[in-house]
Each structure stands twice: as C-alpha cells, then as structure tokens.
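The points are grouped by topic.

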Amino acid sequence: MLIDWFTVIAQMINFLILIWLLKHFLYQPILNAMAAREKNIADNIAAASDAKSQADAKKIELEEELQALQVKKEELFAAAKAQAEKEYQTLLKDARQQVQDRQSEWHRTLTMEREAFLTDLQKQIREELFAIASLLLHDLADAALEERMAASFQRNFSAMEKEEKGRFLAALPQLSQPVLLRSAFELPADLQNRLLQSLRQDIPAAYPIRFEVEPSLLGGIELVIGGEKIAWSLANHLALLQQRMEQIMERTKRDGTGE
C-alpha cells in the first residue's frame, strides 16, 4: 500500500491545530469556569461553616442566658415565696395578737364589771346591815346604856396615853368655844357632875364645858375640842366595825386579783 506522507503530515498538522484550538478556546475556559465554581463552592462552604460556628456560639450563649434566666426565675420564686411566707406569718401573728388582745380586754372588762357588781352588792349589803344594826342599837339604847357608856368614856379617857391626851388637849389655848360633851340622851345631873370632876383633872376650869344632846350618836359620849373629838359611842364602834369590814373586803379583793 502506498502511503501519502504529505497527507499524513497535513492531517497531523491539522490535528495539532485542532488540539490547540480546543485547548485555547474550549478546554481552558471550561477549566477556568470549573476553578471559579470550585472556589465559589469553597467560599460558600467556608461561609456556611462560619455561619454554623456563629450559630453554635449563639446557641450556647442563648442556652447560657436561658439557664441564667431559669436560675434567676427560681431565685425570684424562692424570694417571693419566702416574702409571702414572712408576710403570712406576720399577718397570722398580728391576727393572733389581736384576738389575744380582744380576749384580754373582754376578760378585763368582764372582771371589772364583776368586781364592780360584787363591790356594789357588798356595799349595799353592808349599808343594809349597818342600817339594821343602827336601828336595833337605837331601839336598845336607853338611859341605863347611856350611863354605862359614860362610865366607859370616863374610864377610857383617864386611861389615855399621856402623849395622846396631850395632843388632843393642845387645842385648848386657841379654843374660842366651850368644850362640848355630847350624848344621845340627856344625862342625869349626878352623872354630869361625875364626868365634870373627871374631865377637870385634865381640862382647867378656865375652859367651860357644855353638855349637848346628839341623837345620831345612838348611845355613848363624845368630847369635842375645836375640830378634834374623842368618842365612845355605839355609832363610833359601828363606824369602826364598818371600816374594818371594808378593809377586810379590800384585802380579800386584792388577794383574789393577785395585786
């Protein structure tokens, strides 16, 4: 077979020219486009990776903030619960104190009303008792009893302590009125004389002594010098008895209340 070398060489030159053209106008732009595409993809991947890292960091930050908020929420809840418990205890204490105060006030008022009632009742009983006793003594009092009371007066006045009698008679120098000797009944003349003789041992004759009748004495005698007086009478003994009874009742009342 005969080979046409000219044709072969021409075809080889054409093939090389084709390869150069393909490489220069087709293959190289494709390679450039592929490289740009790869670079774009790599940039996108890097951007996505950065975005993912930022998202992860943001997520961690949000989780930390959420955890802090949860802790803060629990703290606020605990503080609010503690405050509510404190206010509840305070209100409960105040309410109990108010109830206790009202109970104490009620008991105090009730005690005062009861004591006032008992005191008034005891006073009425004493007054009635002494009114009855006064009536009885008034009915029993007579001249004979008056004479015995006069004798008792004479005996007791003579037996008075010197110092006590001196204080009683000290008003004599300033006395502008007669010394009064009062009795519930008119005393017989001989009894008046015996009383005068007894009193003159202590009261000088310069001071006149006048006898008066005072029915309220019930029985007995009282000696009056100015604003001072000494009495030995049923009324005086009755008043002394009433005073002692009131002292006993008051002491019993204090013992009962623990004062």
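In this predicted model, the charged end of Lys165 sits over the ring of Phe157, at 4.8 Å from the ring centre. Phe157 also takes part in a stacked aromatic pair with Phe153. A search of the whole structure finds two aromatic pairs.

**Aromatic pairs**
- Trp20 and Phe25 form an edge-to-face pair, with 6.3 Å centre to centre and 85° between the planes.
- Phe153 and Phe157 form a stacked pair, with 5.9 Å centre to centre and 20° between the planes.

**Setting of the rings**
- Phe153 and Phe157 both belong to helix α2, which spans residues 143-158. They are four residues apart, about one turn of the helix.
- Phe153 counts as buried because its relative accessibility is 1%, under the cut-off of 20%.
- Phe157 likewise counts as buried because its relative accessibility is 1%.
- Trp20 and Phe25, by contrast, are both exposed.

**Nonpolar surface**
- A nonpolar surface patch of about 940 Å² is made by Phe15, Leu16, Leu18, Ile19, Leu22, Leu26, Tyr27, Ile30, Leu31 and Met34.
- Leu16, one of the residues of this patch, lies in helix α1, which covers residues 5-140.
- Leu16 counts as exposed because its relative accessibility is 57%, over the cut-off of 50%.

Technical notes. Residues numbered from 1 in each chain as written. Predicted model: local features only at pLDDT ≥ 70, side-chain atom pairs only at ≥ 80, totals over all residues. Heavy atoms only, no water. Patch = residues over 30% accessible without salt bridge, like charges linked within 9 Å, V, L, I, M, F, W, Y side chains within 5 Å. Areas by Shrake-Rupley, 256 points an atom, 1.4 Å probe, with all protein chains shown as cover. Salt bridge = Lys/Arg side-chain N within 4 Å of Asp/Glu carboxyl O. Helix = DSSP H or I, 4+ residues; strand = E, 2+ residues; numbered from the N terminus. Buried < 20%, exposed > 50% of the residue type's maximum accessible area, 1.4 Å probe, protein only. Phe/Tyr/Trp six-rings, centres within 6.5 Å; stacked < 30°, edge-to-face > 60°. Lys NZ or Arg CZ within 6 Å of the ring centre and 35° of its normal.
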